[in-house]
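Subject: Structure for you to look at

Hi,

Here is the structure I promised to pass on. Please open it alongside these notes.

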Amino acid sequence: MTTESEKYIRIKAQIEQAYKQTVRISRNQRKTNRNYRLETQYFWFAMISPSVVAVLLAILGKSIVAHWMFNVSWVLIAMSYLALFLYPFVGMLLYRHSLKKVISAPFASLLEWNVKTVMQIDAQYLPELAALSRETLKLGALELKSERNGFEKRTYMVVGALEKVGIFPGFLALFIGISTLIKTLDGAGISARMDWVFAVAVANVFFFFMCGYVQMMLVQYDRMIALTELAIELKKERLESD
């Protein structure tokens with residue numbers, strides 16, 4: 001026999017799957033759009049690929065003692081940071097027609113893009129949640145809050161600081177590294193002394209994207225918790241009205 005706790009978990013899983021399915025359909029529709037393909041290519045070839053190649057060249061340069069490879073790696077890292085900085089402007093250029101709509105009615109546009117789909121999915125499953133007992137809903141909210149806090153603390157040890165300082169450490173490391181290389185390009189062993197700076201510059205790029213993923217997961221936890229608490233409030237109102 002299925003317990004209420006299992007029903008609660010099943011409903012939450014269905015909500016997540018419904019949202020993913022909606023996102024998947026939207027992504028498949030956007031794949032036919034030329035701007036979407038250009039944006040995807042920019043992300044992989046301008047932002048990610050240079051950093052990956054930079055790491056491979058740096059490792060190879062260290063192994064065969066080829067300092068010029070290490071210098072090329074710095075240039076590639078600089079390209080990744082420049083692409084990351086220009087990414088919002090590229091998006092504005094590609095979707096300039098939609099941008100006009102946002103400027104004319106910013107709040108309505110944000111509701112249409114970010115709230116409408118989620119609201120429809122939540123409204124579909126809210127009655128099922130409200131049909132569960134208050135004890136089950138309160139327990140579910142408690143467990144979700146506990147898991148959210150645990151997830152946030154675990155990931156904060158790796159990427160949490162980037163939420164406050166952003167990409168700045170990587171820019172600083174990149175500036176120090178390139179400045180030093182310009183002054184001492186002909187100095188022997190410079191790559192060995194700059195290893196830690198290069199590591200910071202590279203790691204910060206990947207941690208930046210990881211931090212974005214973590215924030216999306218935390219938002220998902222908050223939404224599930226809020227939906228459970230809304231079901232509790234609805235149940236409370238029904239009992240009071242009865």
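This is a predicted model. Start where helix α2 begins. There, a side-chain oxygen of Asn-33 comes to within 2.8 Å of the backbone nitrogen of Asn-35.

Helix α2 itself covers residues 34-64, 31 residues in total. From first C-alpha to last it spans 43 Å, close to the 45 Å expected at 1.5 Å a residue. The helix is bent, though: about 40 degrees at Ser-49. A proline, Pro-50, follows within four residues of that point.

Which residues of α2 are buried? Tyr-36, Glu-39, Tyr-42, Met-47, Ile-48, Pro-50, Ser-51, Ala-54, Leu-57, Ala-58 and Gly-61. Note that Pro-50, from the bend, is on that list. Just after the helix, Val-65 has a positive phi of about 55 degrees.

Now helix α3, residues 67-94. Tyr-87 lies in this helix. Its relative accessible area is 28%, so Tyr-87 is partly exposed. Glu-39 is one of the buried residues of α2.

Phe-89 belongs to a nonpolar surface patch with Leu-82, Phe-85, Leu-86 and Met-92. Together these five have about 500 Å² of accessible area.

Best wishes

How values were computed
Residues are numbered from 1 along each chain as its sequence is written. This is a predicted model: local features need pLDDT of at least 70, side-chain atom pairs count only at pLDDT 80 or more; totals for chains, interfaces and linings use all residues. Side-chain values use heavy atoms; hydrogens and water are left out. Helices (H or I, at least four residues) and strands (E, at least two) are DSSP runs, numbered from the N terminus. The expected span of a helix is 1.5 Å times one less than its number of residues. The bend at a residue is the angle between axes fitted to the seven residues ending there and the seven starting there. Buried means under 20% relative accessible area, exposed over 50%, partly exposed in between (1.4 Å probe, protein chains only). A polar contact is a pair of N or O atoms within 3.5 Å; within protein, one must be able to donate a hydrogen and the other to accept it, and residues adjacent in sequence count only if both atoms are side-chain atoms. Patches are made of residues with over 30% relative accessible area and no salt bridge: like charges are joined within 9 Å, nonpolar side chains (Val, Leu, Ile, Met, Phe, Trp, Tyr) within 5 Å. Accessible areas come from the Shrake-Rupley method with a 1.4 Å probe; for residues, only the protein chains shown count as cover. A salt bridge is a side-chain nitrogen of Lys or Arg within 4 Å of a carboxyl oxygen of Asp or Glu.
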